[in-house]
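User: I've got a model open on my screen and I'd like to talk it through. Can you take my questions one by one?

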Amino acid sequence: MELTLREKRIIQILIRNEFCKTEEIAAALGLSKRTVQREINGLKPWLKKHNLFIANVKGTGLELQGDLRVLSQFLVNTYQFNKPHKISKGQLFFFFFLKN
């Protein structure tokens with residue numbers, strides 16, 4: 001299963017933010033909350049296949065959890081180096097983790 005650009009962007013947002021509410025993802029992508037929920041439901045088979053899952057922490061938001069190697073590889077494969085971005089501590093950890 002190949003991820004759509006929208007699905008990749010949702011995962012990137014979840015990687016960049018330790019916890020993120022559905023409304024925040026919707027605002028960042030210019031989508032409705034319901035569309036984000038449908039996209040996340042559509043991601044579940046891919047996430048499960050790669051030993052990942054999205055935990056919904058009540059009162060805090062969504063958190064991407066699972067195999068750090070998969071998360072770091074995903075980040076490297078989808079990161080756009082030709083555009084200026086702020087890099088979070090989490091992203092730096094993933095790049096360091098891959099390098100070592």
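Predicted model: local features only at pLDDT ≥ 70, side-chain atom pairs only at ≥ 80, totals over all residues.

User: Which residues of helix H2 are buried, and why are they on the same side?

Analyst: H2 runs over residues 22-29. An α-helix has 3.6 residues a turn, so residues three or four places apart point the same way. The buried residues of H2 are Thr 22, Ile 25, Ala 26 and Leu 29. They share a side of H2 because the arc they cover around the axis is only 100°.

User: What does the face of H2 turned away from the buried side carry?

Analyst: Look at the face that points away from the buried side of H2. You'll find exposed residues there, namely Ala 27 and Ala 28.

User: And what do the buried residues of H2 pack against?

Analyst: Two of the partners are helices, H1 (5-16) and H3 (33-49). There's a strand too: E2 (61-66).

User: Which residue just after H2 takes a positive phi?

Analyst: The phi in question is about 70°. The residue that takes it, just after H2, is Gly 30.

User: Which residues touch the most other members of the largest nonpolar core?

Analyst: That core has 21 residues. H1, H2, H3, strand E1 (52-57), E2 and helix H4 (68-78) each give two or more residues to this core. Those touching the most other members are Ile 11, Leu 14, Ile 25, Leu 47 and Leu 64.

User: Let's stay with Leu 47. What does Leu 47 touch, not counting residues up to four places away in sequence?

Analyst: Leu 47 is among the core residues that touch the most other members. With the sequence neighbours up to four places away left out, Leu 47 touches Ile 11, Leu 52, Phe 53, Ile 54 and Leu 64.

User: Leu 52 has come up there. Which residue in E2 is the bridge partner of Leu 52?

Analyst: E1 and E2 pair in the antiparallel sense, over 6 bridges. In one of the pairings, Leu 52 has a bridge partner in E2, and that partner is Gly 66.

User: Which residue in the hairpin of E1 and E2 takes a positive phi?

Analyst: The hairpin has 3 residues between the strands. A positive phi near 80° turns up in this hairpin, and the residue is Gly 59.

User: On to charges. Is Glu 39 buried or exposed, and what salt bridge partner does Glu 39 have?

Analyst: The relative accessible area of Glu 39 is 17%. The cut-off for buried is under 20%, so Glu 39 counts as buried. The side chain of Glu 39 meets its partner in a salt bridge at 3.2 Å, N to O, and that partner is Arg 6.

User: How many residues apart are Glu 39 and Arg 6?

Analyst: Glu 39 is in helix H3 and Arg 6 is in helix H1. The pair links distant parts of the chain, which lie 33 residues apart.

User: Which residue does Glu 23 meet in a salt bridge?

Analyst: At 40% relative accessibility, Glu 23 counts as partly exposed. The salt bridge is 3.1 Å, N to O, and the partner's side chain is that of Lys 33.

User: Last one: what do the end C-alpha atoms of H1 span?

Analyst: H1 has 12 residues, and at 1.5 Å a residue they should span 16 Å. The distance between the end C-alpha atoms agrees with that, at 16 Å.

How values were computed:
Residues numbered from 1 in each chain as written. Heavy atoms only, no water. Buried < 20%, exposed > 50% of the residue type's maximum accessible area, 1.4 Å probe, protein only. Helix = DSSP H or I, 4+ residues; strand = E, 2+ residues; numbered from the N terminus. Arc of directions from axis to C-beta. Contact = heavy atoms within 4.5 Å. Core = buried A, V, L, I, M, F, W, Y, C linked by side-chain atoms within 4.5 Å. Pairing = 2+ DSSP bridges. Salt bridge = Lys/Arg side-chain N within 4 Å of Asp/Glu carboxyl O. Expected span 1.5 Å × (residues − 1).
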